[in-house]
Amino acid sequence: MTAPLKPMHLKCEHRSDPLGVDNLQPRLSWALEGEGRSRRQAEYRILVSSRRGSLSDHQGDLWDSGRISADHSLDIVYAGQPLASAERAWWRVCVWDESGRPEWSDTAYWEMGLLEPTDWEASWLTGPLVSESGASAPGRKTVLEERSWLRTSIGSSPVHYLRNEFDIDRPVRRARVYASARGLYRLSINGEAADDRVFAPGWTDYHQRIEYQIYDITDRLYEGGNAIGVMLTEGWYAGYVGFTPRRHGAHYGARSSFLGQIVLDFEDGGQQVIGTDERWRISLGPVEYSDMLMGERYDARRELGGWLNHAYDDSCWPAAVEGWRTEAKLVAERAQAMKIIEEIRPNTVTRLGSGACLFDLGQNMVGRIKLRVQGKAGSVIRIRHGEMLTDEQQLYTANLRTARAEDVYVLKGGGIETYEPTFTYHGFRYVEVTGLQEEPDLETVTGRVLMSATPRTGNFECSDQQVTQLYENILWGQKGNFISVPTDCPQRDERMGWTGDAQIFFATAAYNMDIAAFISKWMIDIEDAQRPDGAFTDIAPLILFENGGAPGWADAGIIIPWSMYVFYGDRSIIQRHWKAMTAFMEGVARQNPGFLRRHKLNLNFGDWLSIDADTPKDLLATAYYAYCARLMADMARAIGRVREAEQYSALRSDIKDAFVSEFVAEDGAIAGDTQTAYALSLAYDLVPEKLQAACARKLVENIAARGGCLSCGFHGTRWLAPVLTRFGYSDVAYQLVLSEEYPSWGFSIKHGATTIWERWDGWTPEHGFQEQMNSFNHYAFGSIGQWLYGDLAGIKPDSARPGFKHILIAPQIRDGIEWCRAAFRSPRGMISVSWVQSRERIGLDLEIPPNTTAAITLPVNSSGQVTEGQRPLAETDGIDEIHVEEAGVIVTAGSGRYSFEISRE
Ligand code: BGC
């Protein structure tokens with residue numbers, strides 16, 4: 001007898017135990033674990049309580065959903081008592097399985113944010129004595145003024161240090177800090193960092209919305225004196241961002257400021273709030289500047305001793321002054337914090353002719369290094385970063401453009417010193433260190449990898465080394481670019497939330513990691529950036545550009561909510577952005593009355609970075625328009641907007657008609673005759689059924705005519721292998737991923753790539769480095785990850801039953817790869833596929849989570865060739881239906897572990 005099903009991985013608003021939820025009706029979810037076949041959730045009951053203890057007595061004073069007879073486990077809307085600011089809600093769920101046996105989950109919680117502006121008893125603080133223009137108030141001079149604003153060598157403001165002390169005279173029941181900045185801040189309590197996050201409060205459109213963080217400091221306080229300290233710098237708010245040399249007010253504002261309050265709840269029921277005000281002190285310190293693009297300069301001789309501790313003498317620190325207010329909304333942080341997620345040791349260190357030392361970390365990574373050195377006080381160490389080496393084995397930095405990406409450390413002397421910058425990050429594999437006084441070793445530098453700490457959910461591996469390396473490169477692209485927002489690249493003066501790149505990469509990213517909270521937050525950035533005419537934009541948060549976005553970029557505003565729905569079963573995101581999405585669609589329709597999308601295409605990038613294969617831009621634009629109309633129809637249906645679903649279906653069919661008459665020839669050829677034109681037309685179902693096979697054949701011919709190579713840019717690449725597979729050409733998809741000829745992924749790997757290159761021709765033996773725009777860590781072409789998980793291993797969501805309620809399993813087993821394994825922790829539980837083939841047989845092991853079903857395509861012609869645990873397929877427990885189709889034998893299975901033995905004879 002198997003154990004009852006256990007509800008696990010409880011989440012609120014897509015996060016485990018979030019501190020700071022603004023949504024008054026937060027959404028709850030869980031996954032299920034349990035052995036055995038065809039396990040189901042028959043009923044559930046959610047209890048929410050303000051007291052943890054009462055949940056063990058099965059009482060929920062905030063909400064008792066009662067027993068609900070349903071198999072839902074995602075996106076369940078809290079419908080209990082109204083929740084107050086800062087309220088902690090404890091919750092559990094009980095699930096009754098298919099035999100009616102109940103099992104309770106462990107206890108989880110969420111905590112509400114500050115819901116009213118009046119909950120804040122704090123003022124924005126900034127440095128004293130300096131007016132907006134940078135000029136000082138007459139007649140006063142302080143340490144701050146000596147190294148005043150705008151005077152550091154990179155033209156940025158110095159990092160500021162803020163501190164305050166407070167006394168506690170009675171037992172504290174709970175203590176929180178609520179904090180944010182226009183700029184970046186790092187918070188410490190009684191001598192230590194409040195937590196391990198970096199780059200708080202993250203990037204949003206600070207004119208509209210600023211996130212704040214909540215820190216639980218209950219266990220960090222002493223009776224008596226306590227100290228709070230804050231480092232503050234410019235970051236995305238006032239530092240260098242993007243490719244414009246303009247700073248100071250260009251994007252958001254000229255000067256950083258900090259806002260925070262400590263809220264102490266005492267055992268005796270009293271409360272005390274200590275907010276930022278003019279009693280806080282401010283100073284400069286060892287970090288002279290710290291900028292995302294430029295790097296950091298740290299002078300250890302200027303360290304401030306025990307400034308983070310109580311009873312520090314700050315009498316020479318001036319008082320901080322109140323900064324200007326903001327109209328922007330303060331909102332609780334919505335996604336996982338950015339953190340250091342791993343460390344890398346260098347493989348080698350070599351001395352260059354110049355005397356500098358060059359460390360090779362063996363992996364193109366994103367973050368910074370920790371340095372370990374010894375030397376004389378005042379000696380200067382320079383740390384430069386690069387992704388590649390030149391032919392002369394020197395650091396290649398041309399592709400950084402104006403991003404200096406240099407950290408400088410000035411020693412204090414007297415023993416071993418360690419240093420890691422605070423508010424900067426770089427994209428690099430190689431580190432050049434100048435000024436070392438001692439012979440370095442591999443301990444001198446350590447790579448510290450940072451990203452938004454989205455939990456890992458996927459793994460992939462196969463018998464082909466190059467394809468496994470390709471997978472690793474894709475993963476590293478995600479690690480390096482999911483930094484508060486999904487960025488295009490991590491190294492040059494760009495690093496922005498390009499919408500096209502992210503929509504293309506979404507599925508791959510969602511297999512690799514749980515990106516639900518991260519992307520939900522970014523979708524709000526997309527809506528914040530929406531133009532008055534309804535257009536979504538090329539980047540979000542929006543800087544530098546005024547206009548709406550290009551086809552394939554702007555459309556992310558539709559594709560992202562849809563993708564969230566498919567992967568996470570999230571209907572709420574559709575509801576939240578419905579108005580914005582319809583405004584976008586109406587805008588496109590207004591500007592393009594004839595259904596072909598030819599107007600208002602803005603920067604109209606087309607199939608960006610294709611190789612000698614320009615896809616007609618109006619074709620690409622119209623294909624995306626049709627795709628968006630279809631997604632709108634499906635999303636309307638998903639949220640019960642029946643009439644709109646019909647309207648969007650009608651719109652889609654009008655666009656399709658226009659597309660066919662304009663771009664599709666009678667022999668199935670598509671205008672432009674590019675791989676991308678074929679891939680997009682087929683992927684978005686814009687080819688009449690009777691021409692589809694001919695059209696797919698033309699795609700295959702096109703690849704053959706190019707010597708078996710691809711030629712697609714960003715948009716075509718995403719669909720190329722999936723479309724080939726869908727139309728029966730997995731062998732051609734195999735050929736593309738196994739190739740090492742230029743252009744291919746394998747070509748970059750053959751030449752040492754450990755991340756995905758921005759362009760197929762980033763470096764070639766004939767031409768060396770591309771001179772234009774040349775990132776070696778751009779995830780867009782990594783969209784092939786979707787095919788690795790979805791087709792090669794064969795795990796796909798079914799949009800008709802989203803959130804992996806129903807799973808499509810159809811591994812593509814062809815010559816060239818002997819075995820393949822993938823595991824994916826879906827929102828409903830673990831899914832895994834592992835296959836191994838020989839000439840005679842295929843072994844296929846699967847894991848399907850409880851409360852889901854799967855359609856499994858077994859690659860044989862007759863069910864007689866398949867057994868499961870020695871039994872014929874028809875007698876296999878857990879398998880309901882068996883159909884024989886062209887693609888193979890398709891069975892419907894309930895949850896469980898299966899081990900199929902398939903004979904090829
Ligand atoms: C970025 C891209 C982006 C593109 C728009 C580039 O500068 O790095 O990845 O999508 O511009 O075409």
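Select Asp 488 and the ligand: in this predicted model, an N or O atom in the side chain of Asp 488 is 2.7 Å from an oxygen atom of the ligand. Arg 492 comes next, where a side-chain N or O atom is likewise 2.7 Å from a ligand oxygen. Then pick Trp 608, which places a polar side-chain atom 3.5 Å from an oxygen atom of the ligand. On its own the ligand has 310 Å² of accessible area, and the protein covers 96% of this.

Where does α4 bend? Centre on Phe 506, where the helix bends by about 55°. Now show the surface around the helix: α4 is mostly covered, with 14 of its 14 residues buried.

Zoom in on β1 and β3 (residues 27–33), whose antiparallel pairing runs over 5 bridges. Within that pairing, Met 8 has Ala 31 in β3 as its bridge partner.

For another strand pair, select residues 287–291, which make up β21, and residues 295–299, which make up β22. The two pair in the antiparallel sense over 4 bridges, and a hairpin of 3 residues joins them. Ser 290 stands opposite Glu 296 in β22. Is β21 enclosed or open to the outside? Its 5 residues are buried, 5 of 5, so the strand is largely enclosed by the rest of the structure.

The last stops concern the backbone. Most peptide bonds are trans, and most residues other than glycine have a negative phi.

- Ala 200 to Pro 201: the peptide bond is cis, with omega near 5°. Pro 201 sits in the loop between β15 (197–198) and β16 (209–216).
- Ala 540 to Pro 541: this bond is cis as well, with omega about -5°. Pro 541 is in the loop between α5 (516–529) and α6 (556–568).
- His 58: phi is near 60°, a positive value in a residue other than glycine. Look for His 58 in the loop between β4 (41–49) and β5 (63–64). Its relative accessible area is 34%, and His 58 is therefore partly exposed.
- Lys 600: phi is near 60° here too, again positive in a residue other than glycine. The loop that holds Lys 600 lies between α7 (572–591) and α8 (617–638). Lys 600 has 44% relative accessibility, so this residue counts as partly exposed.

Key
Residues are numbered from 1 along each chain as its sequence is written. This is a predicted model: local features need pLDDT of at least 70, side-chain atom pairs count only at pLDDT 80 or more; totals for chains, interfaces and linings use all residues. Side-chain values use heavy atoms; hydrogens and water are left out. Two strands pair if DSSP finds at least two bridges between them. The bend at a residue is the angle between axes fitted to the seven residues ending there and the seven starting there. Buried means under 20% relative accessible area, exposed over 50%, partly exposed in between (1.4 Å probe, protein chains only). A polar contact is a pair of N or O atoms within 3.5 Å; within protein, one must be able to donate a hydrogen and the other to accept it, and residues adjacent in sequence count only if both atoms are side-chain atoms. Accessible areas come from the Shrake-Rupley method with a 1.4 Å probe; for residues, only the protein chains shown count as cover.
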